[in-house]
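Here are my notes on this one, jotted down while going through the chains. Have a look at the model first, then see whether you read the contacts as I do.

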Amino acid sequence: MAANAQTIETVEGLAGDYKYGFVTDIESELLPKGLSEDTVRFISAKKEEPQWMLDWRLRAYKAWLRMAKEKGEPGWAKVSYPEIDFQDIHYYSAPKKKTLKSLDEVDPELLATYEKLGIPLKEREILAGVAVDAVFDSVSVATTFKGKLKDMGIIFCSMSEAVREHPELVQKYLGSVVPVTDNFYATLNSAVFSDGSFVYVPPGVRCPMELSTYFRINEAKTGQFERTLLICDKGAYVSYLEGCTAPMRDENQLHAAVVELVCMEDAEIRYATVQNWYPGDKNGKGGIYNFVTKRGACRGARSKISWTQVETGSAITWKYPSVILQGDDSVGEFYSVAVANNAQQADTGTKMIHMGKNTKSTIISKGISAGRAQNTYRGLVRVMPGAAGARNYSQCDSLLIGDRCGGHTVPYIEVKNRSAKVEHEATTSRISDDQLFYCRQRGLSEEDAVSTIVNGFCKEVLQKLPMEFAVEAQKLLGVSLEGSVG
Amino acid sequence: MSALPFVEQLAGAYRAAASSLPGAKTPAVAARRDAALEAFRRLGLPNHKLESWKFTGLNALERQSWSLPANDGGIDAARLKAAALTADSHRLVFVNGRFDAAASMIGALPKGATLLPLSQAGDAVQDALVAAGDDRTVSLSELNAALASDGVVLLLDDGVQLDRPVEILNFGTPALVNLRHLIRLGRHAQATVLESYRDGGIAQPGWSNVFARVAVGEGARLTHIRLQGENPEAYHAALGRVSIGAGAHYAHVSVQAGAALARHELHVAFAGSNATADIQGLVLARGKAHLDHTLFLHHAVPECRSNQLFKHVVDDEGHAVFQGGIRVAPHAQKTDAQQLSRTLLLADRAQIDTKPELEILADDVKCSHGASIGDVDAQQMFYMQARGIPAHEARRLLLSGFAHEVVSAVPEGALRDHVEGFVEAWLAEKGVAA
Amino acid sequence: MLEIKNLHATVDGKDILRGINLTINPGEVHAIMGPNGSGKSTLSYVLAGRDGYEVTQGDILFNGRSLLGLEPEERAREGLFLAFQYPVEIPGVANATFLRSAVNAVRKHKGLADMDAMTFLKTAKAKMKQLQMDEKFLQRAVNMGFSGGEKKRNEVFQMLMLEPTLAILDETDSGLDIDALKIVAEGVNALRSPERSALVITHYQRLLDYIVPDVVHVLAGGRIIKTGGKELALELEAKGYADVIAADAA
């Protein structure tokens with residue numbers, strides 16, 4: 001069909017157009033390439049970390065060496081890429097000016113970069129009600145709203161600062177959800193993590209604003225090893241937003257982040273991500289390797305963790321935000337939109353591990369494939385013998401644009417309790433010529449028609465995002481598939 | 001316990017039996033069997049490292065000692081009779097892996113029809129022993145190719161239709177049994193095949209290792225029923241490879257109702273357009289039975305339709321596994337592939353692992369899968385009890401209704417009655433947990 | 001308004017339209033009737049510019065300008081509206097969102113500013129009232145789970161919102177009961193004006209009792225074989241198509 005062929009062409013045409021492909025010229029403090037025990041010691045020393053932190057990192061490094069020797073990178077995901085040379089990566093880089101007392105001291109060029117990305121760093125945050133802990137490359141350079149949050153007892157700071165200022169919390173919770181030896185990339189992260197965000201919300205406190213962090217990868221060949229730890233104490237609530245765009249680079253860049261969420265009795269954490277890193281060009285050259293471990297533990301009764309993600313970027317996405325439902329009556333949610341266009345590969349999904357009684361989980365996954373992309377949903381729902389009354393509902397839909405892409409669904413469902421109720425549904429569809437023609441007959445351009453249909457397909461997920469993010473995400477979907485027709 | 005390692009026991013069994021296996025006098029067949037044994041030695045038993053064996057392990061086999069059974073199993077005639085179809089059929093009975101002519105009855109066949117035990121199949125033996133593939137997942141079928149002592153060869157020329165079902169009845173004292181079937185239907189041919197795997201009912205380790213190659217020609221129709229119910233210490237591993245020609249129809253119903261561990265792995269590939277496959281399964285697990293259905297549907301060509309419905313009733317410490325893969329190849333447009341898996345867990349220690357998988361590489365397709373797991377519906381139970389039906393009876397009725405959807409896929413008449421009897425017997429055997 | 005000249009069109013290589021000539025002046029309502037397979041729906045798709053409907057000869061002039069090089073959305077923005085025989089379902093997209101995008105696309109083309117949300121809602125609700133449609137339809141996904149009649153009503157609703165200069169109604173009467181038919185017809189009639197025209201494609205005369213045409217054409221074998229006044233529709237209803245077709249063949 002002519003329309004289809006055109007659609008494919010337009011989708012492909014989009015790759016030339018990555019809108020955030022600029023490079024900021026800030027002299028980085030760059031550690032030479034390569035990974036050894038010395039690298040780990042250097043990073044730890046640079047951050048003036050206490051001995052226990054260094055020991056922790058070294059333990060992780062040794063475990064990683066064993067894993068690299070025995071099994072290497074995990075091979076089960078439906079993604080393919082050339083073997084990564086872990087000695088050919090920079091493990092540390094930081095903007096040179098580091099001790100900033102106010103925003104005025106931030107490199108103007110960096111601020112200009114944020115400007116282009118639309119990150120509200122100045123007064124605009126107040127209007128937007130957003131506190132931003134901006135991570136540029138690996139080191140936090142500006143944190144706002146600290147005062148206000150501090151008054152409420154909320155700690156929102158960089159991970160490095162937390163290690164220094166709140167060692168008792170970090171020691172207690174770091175690695176408690178994602179153990180040091182959890183998986184190849186998480187272990188690597190544990191050894192060399194550069195920085196990230198730390199949040200602690202004390203009992204009964206409802207964080208009054210959306211906390212957000214924007215990540216960027218800037219320095220060429222700089223591995224990004226963000227580490228985020230978020231603890232929501234009894235009866236507390238926090239909503240955390242994470243958004244990313246990265247400058248265009250020719251060579252593949254590795255990103256292996258770890259995010260840990262700890263949710264106590266009656267607490268609630270909402271964690272939303274919009275990921276739009278450089279996906280590579282239309283032939284699959286360049287782009288970010290996004291190998292992320294995100295996991296939350298619903299430790300207390302009636303606690304709730306909700307992951308929402310819109311994944312449009314990266315050459316390869318390997319990511320399974322999960323929830324361990326330990327507390328009775330705890331709730332886990334996963335709402336995901338993953339777009340893969342051109343040569344992108346996405347293997348993403350979730351794990352819901354039901355341990356407590358009457359635990360509930362919901363999984364809504366929308367995968368969109370175009371060009372020659374491969375998009376896989378991979379998920380696990382496990383109901384342990386003690387999880388009486390557990391409930392899960394999963395809905396995984398794939399939308400295909402063009403006949404050269406792939407949409408795959410691989411759910412694992414393991415149920416060991418009779419009183420559990422688990423339902424899973426998956427469908428595959430495409431944008432039909434009928435739908436396109438109908439929209440166009442009403443005056444919509446082909447691009448708008450595709451964007452309208454795709455947004456409709458993703459609606460259940462998009463409406464879970466906080467308002468300002470939802471708008472951004474909708475735009476992003478449009479941009480990612482722009483020109484997929486005509 | 002034998003001191004010999006597991007693989008060497010099997011190699012020893014092969015050497016002892018080789019000269020008496022079908023086709024032993026044909027050098028090409030003997031060479032193929034030698035090669036198959038070597039392949040098995042190299043590959044070993046499939047294990048958890050293989051994605052398709054993630055939920056099912058065969059380690060327990062290595063803890064037994066195995067040898068091929070003696071020819072005369074000595075069978076319980078009454079049990080055999082009870083296991084057989086009451087209606088007329090072309091019946092081939094295998095006892096301890098050998099064709100039992102006395103218990104069998106092959107009726108008059110139309111011209112162009114060949115129906116023989118493998119042990120009498122002459123030239124067809126070589127054809128039947130062709131390897132199922134060359135990856136690790138075929139190691140059991142290679143072992144089978146080495147040790148196959150018998151099986152059924154059914155060949156129908158173009159347009160030939162059988163008026164009676166072919167009944168393959170496997171019976172005997174539990175032992176290591178390797179049967180290999182070859183079923184090939186020419187264009188527009190039609191047949192119904194019933195495979196039954198039973199034993200004397202004495203709890204005793206046995207190992208049935210079955211391989212079936214099925215080719216359904218253009219426009220042909222094959223109805224293929226499989227009943228598997230062996231003693232609680234038996235092992236059963238079956239691999240089936242089915243290819244379906246253009247415009248052909250393949251209907252498969254598989255009922256698993258016992259054994260310590262049973263796995264039925266079925267690969268169905270469409271070889272021509274406009275073909276259809278309806279594949280249904282019913283799993284009845286109690287005690288410590290581990291019952292596994294693993295399916296791969298390859299939509300390699302455009303415009304084919306497949307439908308899978310699998311139902312599981314799991315009681316006691318039973319463990320059901322359902323893996324249902326659907327692959328739609330690039331250019332296999334207008335594919336319609338549906339899959340549904342439903343499970344009732346009846347006891348606290350019952351469990352199910354399900355992995356329905358879609359791999360879709362064409363866009364103009366209708367593909368979906370669904371899986372649901374739960375207990376018997378409490379409202380339905382209450383409704384029936386409120387009408388005065390005792391709980392255990394209400395439960396049995398609901399289970400029977402649950403199973404019926406699959407049973408009703410069997411053609412009406414004696415065949416369906418037979419399958420229904422098999423299912424109802426299981427349900428009645430021990431008042432299922434209330 | 002619309003001038004169709006010796007129009008030939010093929011679908012999948014098959015000749016469906018074999019030389020159609022038709023002129024619709026501003027303010028006129030024309031009806032096209034014909035047996036199944038005569039090419040009625042093909043004509044509507046060719047006019048709207050659907051892919052796969054290839055014009056092999058002839059031309060279509062809309063307000064003096066050829067439509068042949070235009071994309072479907074360009075034709076729509078020029079004021080050509082097709083009420084689909086089988087309206088398409090679009091999951092997850094609210095009727096209101098969809099229609100507002102369409103209205104604003106047309107307005108932008110005319111150099112008008114976007115219609116703001118409040119005005120849109122007010123206008124939409126008024127039009128829905130006119131068609132006796134429940135306001136809830138605005139929030140439901142486009143045509144999802146609508147009954148046949150609801151879909152047809154939704155088409156007419158969209159037409160009222162977009163105010164086209166030429167409305168093509170492709171069997172809009174099918175699937176409607178008599179009450180719904182009247183309401184839909186009233187909707188169409190409400191749009192009648194000296195500047196607007198309509199092309200009503202139908203199988204039955206029934207609809208034409210309510211939308212009275214100025215001219216009636218009989219389409220058979222991809223050609224217009226007879227043209228007359230509104231009484232031609234009654235004649236066809238009484239005698240069927242066979243006589244007319246036979247007369248043409250003779």
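**Notes on the chain contacts**

1. Starting with chains A and C: the contact draws on 24 residues of chain C and 20 residues of chain A. Keep in mind that this is a predicted model. On the chain C side, the elements giving two or more residues are helix 2 (72-78), helix 3 (95-109) and helix 5 (148-162). Helix 3 of chain C gives the most, with 5 residues. Sorted by class, that side of chain C has 15 nonpolar, 4 polar and 5 charged residues.

2. Now for chains A and B. Here 27 residues of chain A are in contact with 29 residues of chain B. On the chain A side, two or more residues each come from strand 22 (391-401), strand 23 (406-415) and strand 24 (421-430). Strand 23 of chain A has the largest share, 10 residues.

3. What does strand 23 of chain A pair with in chain B? Its partner is strand 18 (residues 351-360) of chain B, in the antiparallel sense, over 6 bridges.

4. A few words on chain A by itself. Its secondary structure comes to 13 helices and 24 strands. Of its 486 residues, 60% are buried. As for contacts with a separation of 6 or more, 84% of those in chain A are between residues 24 or more positions apart.

Technical notes
Residues are numbered from 1 along each chain as its sequence is written. Chains are lettered from A and ligands numbered from 1 in the order in which they are written. This is a predicted model: local features need pLDDT of at least 70, side-chain atom pairs count only at pLDDT 80 or more; totals for chains, interfaces and linings use all residues. Two residues are in contact if their C-beta atoms, placed from the backbone, lie within 7 Å. Helices (H or I, at least four residues) and strands (E, at least two) are DSSP runs, numbered from the N terminus. Two strands pair if DSSP finds at least two bridges between them. A residue is buried if 20 or more other C-beta atoms lie within 10 Å of its own, exposed if 12 or fewer, and partly exposed in between; C-beta atoms are placed from the backbone. Ala, Val, Leu, Ile, Met, Phe, Trp, Tyr, Cys and Pro count as nonpolar, Asp, Glu, Lys and Arg as charged, and the others, Gly among them, as polar.
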